[in-house]
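Q: Please take a close look at one part of this model, the place where two of its chains meet. Then follow the contacts and ring pairs from there.

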Amino acid sequence: MSARTRSERKLAWMLCAPAVIAMLAVTAYPIVYAVALSVQQVDLRFPEEGGFVGLDNYTAVLGSQLWWTDFFNTVFIMVTTVAIELVLGMAIALVMHRAIFGRGVVRTAVLIPYGIITVVAAFAWQFAFSPDSGFVNNLPLISDEMDWFGGRFSSFAVIIMAEVWKTTPFMALLLLAGLVTIDNQLYEAAKVDGASAWQRFTRITLPLMKPAILVALLFRSLDAFRVFDTIFIMTRGAQDTESVSILGFNQLISRLNLGLGSAVSVLIFICVFAIAFLFVKGFGTKLEEGRPGA
Amino acid sequence: MAEIVLDGITKVFPDGYEAVKDMNLDIADGEFMILVGPSGCGKSTALRMIAGLEDISEGELKIGDRVVNDLAPKDRDIAMVFQNYALYPHMTVRENMGFALKLAGVDKGEINSKVEEAARTLDLEQHLDRRPANLSGGQRQRVAMGRAIVRDPRAFLMDEPLSNLDAKLRVQMRTEVARLQTKLETTTVYVTHDQTEAMTLGDRVAVMRAGVLQQVATPAELYDNPKNLFVAGFIGSPAMNFMPGEVSGGKVKLPIGEADLSEEIGRGHDGQVVAGLRPESFEDAELIGDLANERGIVFEAEIDLVESLGSDLFAYFHVESEGVQSDQLADVIADRLEETGVPEQREGQEQLVARLEPTSKVKRRDTAKLWADTAKLHLFDPESGENLTGSGRGDQS
Amino acid sequence: MERGNRDYALWSIGIVLVLIFALVPVLWLISVSLKPPEAVTDGRFIPSEFSLDNYKSLFEGGIDDSPFIKPLINSIGIALITTVIAITLAAFTAYAIARLEFPGKRLILAGALAIAMFPPISTVGPLFDMWRALGLYDTWLGLIIPYLTFSLPLAIYVLVAFFREIPWELEQAAQVDGATPFQAFTKVIVPLAAPGVFTAAILVFIFAWNDFLFAISLTSSDASRTVPAALAFFTGESSFTQPTGSIAAAAVVVTVPIIVFVLFFQRRIVAGLTSGAVKG
């Protein structure tokens with residue numbers, strides 16, 4: 001190895017070091033710490049008690065109805081929002097791709113949900129659907145008395161709508177990135193070959209977009225699994241709409257039960273990892289073409 | 001198999017740009033018709049209108065006996081070979097070639113046999129199950145052609161299919177394309193900007209410029225009887241030499257000398273003209289013997305540059321000249337300048353090229369004695385660019 | 001392949017639909033914020049009368065007592081500092097990855113990706129504990145650090161994608177033309193890198209501005225509570241009324257600048273978000 005290569009490497013590592021340290025400091029160490037906490041009984045309300053309890057926290061969590069309800073909620077929200085976003089996002093991506101004019105307008109419109117604070121968006125939707133101050137109940141076809149946040153699945157409906165609104169644009173952008181890589185002449189060739197618009201979409205567009213779609217699905221699923229802000233604002237988890245992240249938060253911050261809370265955190269981590277694994281190994285998502293989400 | 005008729009075809013784009021202006025062209029059944037011209041002349045647009053990929057603003061397009069203006073591409077029964085081949089990257093060669101038939105609902109066995117047959121013709125058999133990304137440029141080009149052949153359409157439309165190949169491959173594929181068309185006898189419309197391709201491939205060639213059809217004729221006709229300055233300067237390589245001329249009393253005065261005009265040429269065209277003489281019409285005066293006495297002009301010129309190609313010798317020289325006032329000529333020169341970036345004119349001089357026998361001994365900086373065969377002279381009207389010689393035999397649209 | 005008018009009409013409809021989709025919630029918030037406090041519950045989309053009372057109540061009490069001013073300052077300050085630091089660190093890293101040869105390149109990129117997929121909730125517990133021990137609880141730094149961690153992957157990816165597009169030979173060409181290495185860097189490379197850096201900065205800022213989980217977990221008072229967290233704890237006129245009006249007003253105050261921002265920089269933002277996926 002020449003001296004020049006050596007010095008180049010040294011420079012490179014030095015340049016990367018600060019960022020790497022910053023990234024690891026708040027992830028590698030805490031996750032190890034979380035695992036450590038999870039196998040102890042650490043309740044800050046009762047600081048005198050404590051000590052190693054092995055897998056007791058985990059059995060408590062996995063044995064509790066609440067965990068499984070929340071798990072179901074989270075998966076339900078994840079699957080529904082991602083499915084809707086995929087369809088809507090694809091539609092918006094197509095509009096953005098073929099816009100003859102007004103591209104800037106569409107792009108701005110699409111980025112507004114992206115730029116808005118999630119909490120703000122959650123409030124907006126909550127107000128809209130609230131029985132007293134909201135306008136939705138005053139719309140035709142909707143009962144004036146409808147108590148959206150009084151029931152489980154109606155609450156889910158609003159939560160899902162808010163989530164979809166907030167993140168469909170991002171999905172649209174990820175899909176758009178895949179759309180633009182398709183050579184326009186392929187469509188012309190397909191036209192000459194006799195393909196209808198629908199056939200062009202299903203036989204040319206979709207297959208060629210498969211990598212981009214998988215990446216988009218992966219990132220959105222991971223994001224969706226971590227849903228927190230919207231539910232917190234809208235229902236605080238009431239009506240059995242709690243997600244696993246809220247469960248974790250409640251245990252950790254509200255109840256200061258770091259042991260149980262950490263167990264929940266670690267379980268969430270494992271789930272997220274499993275989803276990523278499923279996508280990369282199972283569906284063959286190519287991450288080199290991927291983008292980390294917002 | 002069908003004939004294609006363009007009747008007053010015009011294309012105006014939404015922003016007002018007129019890409020094709022009132023084009024009239026009859027393409028016979030089984031004919032190989034070339035559309036040639038510089039970039040932006042409208043040839044690709046015309047082709048795309050025939051294909052149905054562009055709307056026709058005005059005029060009528062007939063394929064076979066049917067007016068097809070409003071038919072979608074798939075209903076016109078035509079096949080197209082794109083400049084960048086447009087092969088479906090996610091399909092194998094076999095699937096690429098069979099795509100159209102699959103869409104048409106043709107039964108699987110038939111698709112296979114047709115694909116295999118086309119693959120045999122194009123020597124693609126061992127590549128059938130590979131993807132385009134793994135093929136070379138020449139192979140991809142053949143797959144694109146195969147995709148067109150398999151459909152047995154009424155016409156082939158080809159949009160500069162060879163321009164992405166390297167020079168040597170291009171020459172090879174040129175003969176392949178010609179051979180294929182002869183064998184299949186399918187009407188073919190072929191677009192190119194390369195006049196060499198146009199001259200070697202076509203039954204007839206349509207020269208276009210700025211959306212207007214200049215002349216339609218066989219390659220030989222275009223070469224011998226170009227209808228106007230533009231066609232004369234476009235066809236032939238190296239391009240025709242242009243210089244100012246003054247006609248009076250049956251003679252023409254050129255920067256290189258004076259010459260008699262034969263009966264056909266120059267009758268009643270007194271005044272300023274643009275004279276055109278191809279490099280092939282020059283020769284080293286030392287080598288022509290008695291011919292110099294029969295006709296033509298012998299003159300002296302300082303040789304600027306000599307290109308020796310083994311089979312030919314190109315001598316670049318200049319003569320004193322005041323230039324000629326001609327917008328048409330100025331346009332042609334400007335076009336050439338844009339395409340090649342090489343300026344042709346200097347003040348007070350005319351830069352000319354002569355093609356000499358390889359045995360000529362002229363060298364750079366020599367003052368050589370050259371002979372110009374004025375029987376091959378073309379005279380053009382400086383204002384309109386029209387060819388004043390010949391008698392309009394050159395247009396066969 | 002234009003079919004002329006029919007296409008225009010269809011796409012116009014498409015664009016209008018997209019616009020409606022994007023703007024309805026925003027317009028709704030603006031509408032609620034402009035309603036006089038008593039009319040907040042009238043359920044109308046367009047207010048019957050307009051009033052700025054909600055906005056006034058936000059700023060009542062000056063810096064110390066207003067429910068909104070301190071959090072706003074916290075948000076702006078923390079987001080800005082995070083952005084500056086994140087961009088600097090990411091730029092160094094991206095420069096190294098795009099320009100230099102060294103082992104571990106792919107590892108860093110893979111690691112960044114892994115962090116982007118990480119559930120922040122899993123770090124909240126330990127951070128809560130650690131910060132309390134270190135005295136970082138309820139401080140600006142206490143939020144800036146996790147923000148850095150989770151925004152660095154995004155910044156690195158965007159910057160690497162942009163840096164890869166820079167023709168670095170220009171630096172040498174400039175030196176051949178007589179520039180010192182420093183001049184070459186500042187006069188040639190920096191202007192080329194600026195757009196990418198700007199885009200990455202915008203994305204990081206939006207990320208930091210938006211965070212809620214860390215904000216409510218790692219803060220407990222106005223000292224460092226940011227706007228999203230503060231919004232969740234707004235109180236109304238009395239303990240019985242919903243602070244809907246003030247929340248809406250606060251929401252508008254923090255949203256309208258973002259919209260203006262997005263309007264100006266939409267091209268850059270889209271370029272930044274789509275660059276990685278296209279170029280990898």
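**The interface of chain A and chain C**

A: In this predicted model, 93 residues of chain A are in contact with 96 residues of chain C. The two chains bury about 8600 Å² between them. Carbon and sulfur atoms account for 78% of that area. By class, the side of chain A that touches chain C has 65 nonpolar, 15 polar and 13 charged residues.

Now one residue of chain A. Leu37(A) sits in helix H2, residues 28–38 of chain A. Its relative accessible area is 4%, under the 20% cut-off, so Leu37(A) is buried. Leave aside the neighbours within four places in sequence. Leu37(A) is then in contact with Val42(A), Asn57(A), Leu258(A), Gly259(A) and Ser262(A) within chain A. From chain C, Pro126(C) and Asp129(C) are also in contact with Leu37(A). For scale, take Leu139(A): 102 residues separate it from Leu37(A) in sequence, and the C-alpha to C-alpha separation is 50 Å.

Next, the aromatic rings. Over all chains, a search of the whole structure finds 32 aromatic pairs. One of them joins Trp68(A) and Phe71(A): the ring centres are 5.7 Å apart and the planes are at 80°, so the pair is edge-to-face. Both residues lie in helix H4, residues 65–98 of chain A. Because they are three residues apart there, about one helical turn separates them. Trp68(A) is partly exposed, at 42% relative accessibility. Phe71(A) is partly exposed too, at 24%.

Chain C has a ring pair of its own. The centres of Phe150(C) and Phe214(C) are 5.8 Å apart, with planes at 35°, so this pair is tilted. Phe150(C) belongs to helix H7 (residues 140–164) and Phe214(C) to helix H10 (residues 213–217), so the pair ties together parts 64 residues apart in the sequence of chain C. Both Phe150(C) and Phe214(C) are buried.

Back in chain A, ring pairs link Trp67(A), Trp68(A), Phe71(A) and Phe225(A) into a cluster.

Gln181(B) lies in helix H5, residues 167–184 of chain B. At 8% relative accessibility, Gln181(B) counts as buried. The side chain of Gln181(B) reaches the backbone oxygen of Gly30(B) at 3.2 Å. Not counting residues up to four places away in sequence, Gln181(B) touches Gly30(B), Glu31(B), Phe32(B), Thr186(B) and Thr188(B).

Technical notes: Residues numbered from 1 in each chain as written. Chains lettered and ligands numbered in written order. Predicted model: local features only at pLDDT ≥ 70, side-chain atom pairs only at ≥ 80, totals over all residues. Heavy atoms only, no water. Helix = DSSP H or I, 4+ residues; strand = E, 2+ residues; numbered from the N terminus. Buried < 20%, exposed > 50% of the residue type's maximum accessible area, 1.4 Å probe, protein only. Contact = heavy atoms within 4.5 Å. Buried area = accessible area lost by both parts, 1.4 Å probe. Nonpolar A, V, L, I, M, F, W, Y, C, P; charged D, E, K, R; others polar. Polar contact = N/O pair within 3.5 Å; in protein donor to acceptor, adjacent residues only side chain to side chain. Phe/Tyr/Trp six-rings, centres within 6.5 Å; stacked < 30°, edge-to-face > 60°.
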